[in-house]
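Biologist: I have just opened this one and would like a walk through it. Could you put it up and start with the terms you use?

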Amino acid sequence: MSEDIKKTISELHIYEKKLLKELESNPDVTPEQIAENTGMNIKSVMSAAGSLASKEIIEVDKKVQETYSLTDDGMEYAEHGLPERKILEVLADKKEIPMKDLASEAGIDKKETGIALGWLRQKNWAQIDKGVINITDIGKEFVDKAGVDEKVLDYLKLNADGVKLFTDDLRDGFKKLTGRKNILNIKKETSHSFKLLPKGEAILKVGFEIKQQATQLTHEHLKEGEWKSLEYRPYDINAEAPVIFAGKKHPLRIIIDEIREIFLNMGFSEDNGEFVESAFWNFDSLFQPQDHAAREMQDTFYLKNPLTCDLPDMDLVKLTAETHETGADTGSIGWQYDWSEDIARQSVLRTHTTGISTKHLFEHEPPIKMFSVGRVFRRETFDYKHLPEFHQVEGLVCDEGISYQNLLGTLKEFYKKLGFEVRFRPAYFPYTYLSTETEIYLEEKESWIELGGAGMFRPEVLKPLGINQPALAFGLGIERLAMIRYDVEDIRMLYKSDIKWLRELPISKGVQL
Ligand code: DAH
């Protein structure tokens, strides 16, 4: 115990010590007196008291004192009588007054008549019968006698500085007046008092000196040699500190930036497509037949403005048409239908980032290593795992000798760098062969979830673009990765700007400041 006390004493701030000494010499000392005696300002006294209280050295007691006085209206009533009193005075003479003459007879404001009648009835001084007000027996009694509330009005008139406490005989009247608007002023004053707790008594028993202590070792202390003689206040490293929420990147942004860095480090260069794209690049260049299910309205946002997009180089368009219709010289028989230029011209919000790969192949010579991160759009209904817009990262590698093995290796490496272990499942896309889907195992769900598609572009895609080398490509979802990493059950959380969640995301989860 005494070791503890010594440690506590050594950690006391000089203000805390001063306060304790003051309390020792006068247990009833007020914060204001402490401020005056010690030269501390009242804020410092209160913060030292708060700190002592949190260590259970003293107890801080808070009292709120109310002082009552009359408002201007209240003073007017105290001097000239409450409106119901004015009516009673007239009734004392006339015994009854027709309602319509009330204001003029009693010399009260029209606005006041409602309130006055209410109180007349409440006090049982009068009753109203067929539009006429009559005095009651109780009313007669009060003609020459003040009501309890009127006594309080008188009392407050005499005590213009305000009254803190009413004697028992005035309490009922006071209650009545507080129920009326605009009669009483209530001023609230808060005062604090301090009481030593056993731990505080023990500290004073052990005793301490009040000496200026240094809280920081400064450059000057070192330079002037002062550090040798200065006494330093020990830190309580267990003291609670306020939590600070530093500004930081949004988790989705963090993952996107990490993905970009990984691909840049793997030697890929970055390309960017447009949100608005022609059906030609989004679908036709990927050998997706024009009646393909993915083009149907429920999947794709078709735009009214611009309604159409320009088609690229006509040789490429012609070759693409031929490939769709007959397979041209790709070794396939194509889809066997009449390809339409108009359908290819339709403008869409890109449904995936894969059109960037074909455009890039058309505009660049192999060897190519390209990636692109961006939003894609699909007509999905919102739910816990679907949004009508989300992000994909597209990747493309094209060169002599590129193989399906390279594709699997690249994907494995990429996910490993992001901290995920994946497996591959055979899949189908109209534009690739071989094709695969990457999946990740979710322990909590005991199931595999799909992360994205990939494959080797088919000759039907490459040939019209003028590419004779093999090309691997992949398009991977990003939101799912963020959901797994940040334990998000509902994808909408990523777009909700939930400030509490964002603040509390731990830095250990790759959150960067
Ligand atoms: N575009 C596909 C999707 O959105 C993913 C994809 C599959 C991209 C195969 C590719 C690929 O580049 O080769 O689901």
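Modeller: Two strands pair if DSSP finds at least two bridges between them, and the helices (H or I, at least four residues) and strands (E, at least two) are DSSP runs, numbered from the N terminus. This is a predicted model, in which local features need pLDDT of at least 70 and side-chain atom pairs count only at pLDDT 80 or more, while totals for chains, interfaces and linings use all residues. Residues are numbered from 1 along each chain as its sequence is written, and side-chain values use heavy atoms, with hydrogens and water left out.

Biologist: What about the open sheet, what order do its strands take?

Modeller: The order is E6-E9-E10-E14-E13-E12-E11, seven strands with mixed pairing. Strand E6 (269–270) and strand E11 (422–426) are the edge strands, each pairing on one side only. Further in, strand E9 (residues 368–377) pairs with E10 in the antiparallel sense over 10 bridges, and Val 376 stands opposite Phe 390 in E10.

Biologist: Switching to the ligand, which strands each supply at least two residues of the shell around it?

Modeller: Those are strand E10 (389–398), strand E13 (447–457) and strand E14 (471–477). There are 14 residues around the ligand, and His 352, Thr 354, Arg 378, Glu 394 and Tyr 431 come nearest, where being near takes a heavy atom within 4 Å.

Biologist: And which ligand atoms do Glu 394 and Tyr 431 face?

Modeller: Glu 394 places a polar side-chain atom 2.8 Å from an oxygen atom of the ligand, whereas a polar side-chain atom of Tyr 431 lies 2.9 Å from a nitrogen atom of the ligand. The protein buries 91% of the 350 Å² that the ligand exposes when taken alone, with accessible areas from the Shrake-Rupley method and a 1.4 Å probe.

Definitions and conventions: Polar contact = N/O pair within 3.5 Å; in protein donor to acceptor, adjacent residues only side chain to side chain.
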